[in-house]
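Subject: Structure handover

Hello,

Please find the structure below, with notes on what was found in it after that.

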Amino acid sequence: MDPVRIATWNVNSVKQRLPRLLPWLDERRPDVVCLQETKCADDAFADLLGGELADRGYAVAVHGEATWNGVAILSRVGLDDVAPGLAGAPGFPHPEARAVSAVCGGVRVISVYVPNGRTPDSEHYRYKLAWLASLRETVAANRDTTVVCGDVNIAPTDHDVFDPQAYAGQTHVTPPERAALAELQALGLRDIVRDRWPDERVFTYWDYRAGMFHQDLGMRIDLVLAGAKVADRVKAAWVDRQARKGRGPSDHAPVIVDLDEAPDGDIGPVVPPPSAPAARRGSARLPQSP
DNA sequence: ATGCCTGAAGGGTTCAGA
């Protein structure tokens, strides 16, 4: 198997992001792209960019709906066994378009948009935890060869938010959410970006308001979680902050992971060791605190 | 000012996001 570049990006409306998405595809040239928050129905997705993607050699698996949510996988290394949705997943009350999976280049890829949760005492929060339990059940069947990519709406540790105090008591950082994520990882999935940058300040989301990106006050909630057979092929992993800059960005940046060719012999793990020291921690407050 | 941006739907505003 040839080297493969996998990316995941919450685009916050594929329609609004088209002027950023297409040039980004041409510049980064990912082989597999998991998208979240496409915010459009499947026929609208095809009308909007089906031709543009075909021109670039991508096959497309979409699972969308009008207005909210919506996920997709673009692949130019094969797209087989496409499965929209998550078997047995709860709805709110009806199933939402939050997952799509396909086999791309021998890897079972799942693009996920985990429910937000809103507030820890809400039905939305309980829905989020139940949905994560369903995701774990689905991944369990192919744990070694699966890669879960997407917006998990959970910061795995306090290291993944600019200031833990700013998020105290809010969703994305509560122990039950982190436990649900840890249970998913306990299947053997590795957090590829954190493994590569264990002590770095790495975020993937910055609020649009109050200059949060400019101050680098964000969270790391977009993850690539890879089973052993995938994780052992990782050559590089990084957050494409350039895509968060300039005019009309999403509030999330893409995560990009390069896989080496699949070993046919005894090629071992090739993740390089980190070298740079940890960056200074931020100390500002959330936007709603003046 | 516990939504300071942004997007969608729909209608002159409201809901949702993290």
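What covers the buried residues of helix 2? The cover includes helix 1 (14-28), strand 3 (59-63) and strand 4 (71-75). Before the details, some conventions.

This is a predicted model, in which local features need pLDDT of at least 70 and side-chain atom pairs count only at pLDDT 80 or more, while totals for chains, interfaces and linings use all residues. Residues are numbered from 1 along each chain as its sequence is written, and chains are lettered from A and ligands numbered from 1 in the order in which they are written. Helices (H or I, at least four residues) and strands (E, at least two) are DSSP runs, numbered from the N terminus.

Helix 2

The buried residues here are F45, L49 and L53; buried means that 20 or more other C-beta atoms lie within 10 Å of a residue's own, exposed that 12 or fewer do, and partly exposed is in between, with C-beta atoms placed from the backbone. A kink of about 60° is centred on L49, the bend being the angle between axes fitted to the seven residues ending there and the seven starting there. Just after helix 2, G57 has a positive phi of about 85°.

Helix 1 and helix 2 pack with their axes 11 Å apart, at an angle of about 10°. Axes are lines fitted to C-alpha atoms, for helices over the stretch in contact, and angles run from 0 to 180 degrees between N-to-C directions. The two helices are therefore roughly parallel to each other (angles under 35 degrees count as such). V14, K15, L18 and L22 of helix 1 make the contact with F45, L48, L49 and E52 of helix 2; contact means C-beta atoms, placed from the backbone, within 7 Å.

Helix 4

E177, A180, L181 and L184 are buried in helix 4. Seen down the helix axis, these residues fall within an arc of 95°, so they line one face; the arc is that of the directions from the axis to the C-beta atoms. They pack against helix 3 (123-140) and strand 10 (222-226).

Two single residues

A168 is in the loop between strand 8 (146-151) and helix 4 (175-185). A168 counts as exposed because it has 9 C-beta neighbours inside 10 Å.

V107 belongs to strand 7 (residues 107-113) and counts as buried because it has 25 such neighbours inside 10 Å. Leaving out residues up to four places away in sequence, V107 touches T145, V147 and V230. V107 and K229 are 122 residues apart along the chain, with their C-alpha atoms separated by 9.0 Å.

Regards

Technical notes. Two residues are in contact if their C-beta atoms, placed from the backbone, lie within 7 Å. Angles under 35 degrees count as roughly parallel, over 145 as roughly antiparallel, 65 to 115 as roughly perpendicular and the rest as oblique.
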